[in-house]
Amino acid sequence: MNNNKNLLKKLSVGAIALGAGFISLNSLENLPSENKNDLIVEGYISKIPGDKLSDSFYKNEKQTLLESVESKIEKFYDDNFDIDVSFSNPSELNKESLGKNNVAINYMTMKNMLENPREVLYSFGGQELIDELETEIKKAQKVEGWNYETAEKIIFDTVKEGFYESFSGEGGFGSEIAHRAWVFPSKIYERKAENNDELANAYAFTMCHELGHIFGLEHTNGKNNFMNPHLRLEDILDFNFEMNSFQVKKIRDYLNKD
Ligand SMILES: [Zn+2]
């Protein structure tokens, strides 16, 4: 079972690496507005019984919670980017269209996300990690005498455990490789938010943060910075956070690179 442990270790390191980088804060001037890059954000929201955000989409009420989240994300980014955010049903998800400027947010339970561990692994380490997975499966087959399906299942179970450990209590994660972010319902947000506006703030914060990861940003310890993973809950509920000019420049560089 050593092979599985190594993979888990790799995964956990990968997960932690997302949170380990700190960048310094520089003051740079914003570029003129005519140089704004396009950002197209497609959101896919799964039906999650009893979840307020999911309900607001599927009940199709006029001023839904989700619409409020949508406009808050747009407002946060549109000082510096031409951003368009829209949410639809996961059945409309078009994976092929995703790229640097066109990214997706999946709002679903972590359990649903883990139904396809290969996709999750890809989003963490790209093809390299998928190749490594195949090697580990083959090794396990050889050493333990398992067939492919058994070896794959046992390794996937370990991967899932690793993800639960790394992300339990977190709002989600974003992947630069897959151009996708996964966002999960948060019991803490639902419990602590005093009204729908605060709840929308909290989810919009998580989505803004995970989008930051897609666009190549790492965590920062900057007070009230949207990429600070230890932002106070009060600030999240109040939508009291910001993007610094260094981050604006980093996102621009990411979007402009070939
Ligand atoms: Zn993060």
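Predicted model: local features only at pLDDT ≥ 70, side-chain atom pairs only at ≥ 80, totals over all residues.
Trainee: How are helix 5 and helix 6 oriented to each other?

Mentor: Helices are DSSP runs of H or I with at least four residues, strands are runs of E with at least two, and both are numbered from the N terminus. The axes of helix 5 and helix 6 (residues 148-167) come within 10 Å and cross at roughly 135°, where axes are lines fitted to C-alpha atoms, for helices over the stretch in contact, and angles run from 0 to 180 degrees between N-to-C directions. Helix 5 and helix 6 are therefore oblique.

Trainee: How are helix 3 and helix 8 oriented to each other?

Mentor: Helix 3 (residues 65-77) packs against helix 8 with their axes 8 Å apart, at an angle of about 50°. The two helices, helix 3 and helix 8, are therefore also to be called oblique.

Trainee: How far apart are the end C-alpha atoms of helix 5?

Mentor: A straight helix of 28 residues would reach 40 Å at 1.5 Å a residue, since the expected span is 1.5 Å times one less than the number of residues. Helix 5 (residues 117-144) falls short of that, and its end C-alpha atoms are apart by only 22 Å.

Trainee: And what distance does helix 8 reach from its first C-alpha to its last?

Mentor: Helix 8 (residues 196-214) has 19 residues, and the expected value at 1.5 Å a residue is 27 Å. The distance from the first C-alpha of helix 8 to its last is close to that expectation, at 27 Å.

Trainee: How many residues of helix 8 are buried?

Mentor: A residue is buried if 20 or more other C-beta atoms, placed from the backbone, lie within 10 Å of its own, exposed if 12 or fewer do, and partly exposed in between. Helix 8 is mostly covered, and of its 19 residues the buried ones number 15.

Trainee: Is His-179 buried or exposed?

Mentor: His-179 lies in the loop between strand 4 (172-175) and strand 5 (180-183), and its phi is positive, near 55°, although the residue is not glycine. Because His-179 has 20 C-beta neighbours inside 10 Å, this residue counts as buried.

Trainee: Where does Phe-239 lie?

Mentor: Phe-239 is another residue that is not a glycine but has a positive phi, of about 55°, and with 18 other C-beta atoms within 10 Å it is partly exposed. Phe-239 lies in the loop between helix 9 (233-237) and helix 10 (245-256).

Trainee: Which strands stand at the edges of the sheet?

Mentor: The open sheet has 5 strands in the order 2-1-3-5-4 with mixed pairing, where two strands pair if DSSP finds at least two bridges between them. One side of each edge strand is left without a neighbour because each has a single partner strand, and the strands concerned are strand 2 and strand 4.

Trainee: In strand 2, which residue is the bridge partner of Asp-38?

Mentor: Strand 1 (residues 37-45) runs parallel to strand 2 (residues 81-88), and 8 bridges join them. Among the pairs, Asn-37 has Phe-81 as its partner, while the partner of Asp-38 is Asp-82.

Definitions and conventions. Residues numbered from 1 in each chain as written. Parallel < 35°, antiparallel > 145°, perpendicular 65-115°, else oblique.
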